[in-house]
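Let's walk through this one in a few quick questions and answers. Grab your viewer and have a look first.

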Amino acid sequence: MATNHTKRLTTFFIVLFVMSFLSASPEVCTNSLIPGAKGDQGEIGDVGEEGAIGKAGPPGHRGNAGAVGIKGDMGHIGKMGPMGVKGDKGDPGMDGPDGLKGTPGSTCDCGKYRRLIGPIDITLGKLRNAVKFVKNVLLGLRETEERYYLLVKEPKMFQDALMNCRLRGGVLAMPKTPNTNQILADYVSQSGLTRVYVGVKAKSDINGTRSYMYSDSTPLQMFSGWTDSPPSTNSSCVELLSSGTWAHTQCDSAMFFICEFPKSRRRRGTTPTLLS
């Protein structure tokens, strides 16, 4: 018993001595890490590899228009388009300046030539009168400075009349001016007729708007022979009355018609078929 009590006292004093020794030591033992002072900046490392491409962002705002660029070189010349319709004859131009005086001609005895030229002029005059008689009386032609007109007394529907004029070398007559319209109207009246087909036809677009075209596929412009304005009707073809006014008619009606022929074709050697 006494021995155990002595051991406990000894252990107590030893513990007391150790604790007093630890409390007297200026250093404290601990497991916590205390950060040191900040070091110098290190060297910059190499650029890393490019990262994966991200998703496309929203489009940005539209920028200001850039400056106009320099005009480029002329492109290749394209194919030549179809020949256009011959236009109306223009006004006469101004007289040009007088030319230089020519050199004097050689003298000759022209008496015998004058004796030959006189009868030739008379013969040519007779031929001109004969041709005029054939055109105006026998064939019944009418003409202007640039065109001939032939009244065909064969009743045909509009499309057949159109084709008949083309086979003759012309087109269905187109009264494009008041003067031409009056010539054709007088032609109809003097022939004892009241109406004929002319080369004007109505067509409708996808919106139902009606427009008029000549037989040469040009649009109706400037002059028209309506008494006031084109009447509202389902008929597409146009007839010329002897009074000079236009009227609508059914395209399947059979009636006489007038063909026109440009004189320029005769000058090139192509003679239209005028006889029925």
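A polar contact here is a pair of N or O atoms within 3.5 Å; within protein, one must be able to donate a hydrogen and the other to accept it, and residues adjacent in sequence count only if both atoms are side-chain atoms. This is a predicted model, where local features need pLDDT of at least 70 and side-chain atom pairs count only at pLDDT 80 or more, while totals for chains, interfaces and linings use all residues. Residues are numbered from 1 along each chain as its sequence is written, and side-chain values use heavy atoms, with hydrogens and water left out.

Q: Which backbone oxygen does the side chain of S215 reach, and at what distance?
A: S215 sits in the loop between β5 and β6 (strands are DSSP runs of E, at least two residues; helices are runs of H or I, at least four; both are numbered from the N terminus). Its side chain gets to the backbone oxygen of L172, at 2.9 Å.

Q: Is S215 buried or exposed?
A: Buried means under 20% relative accessible area and exposed over 50%, with partly exposed in between (1.4 Å probe, protein chains only). S215 comes in at 12% relative accessibility, so it counts as buried.

Q: Why are the buried residues of α3 on the same side?
A: In α3 (residues 158-167), the buried ones are F158, A161, L162, N164 and C165. Take the directions from the helix axis to the C-beta atoms. They're on the same side of α3 because they cover an arc of only 160°.
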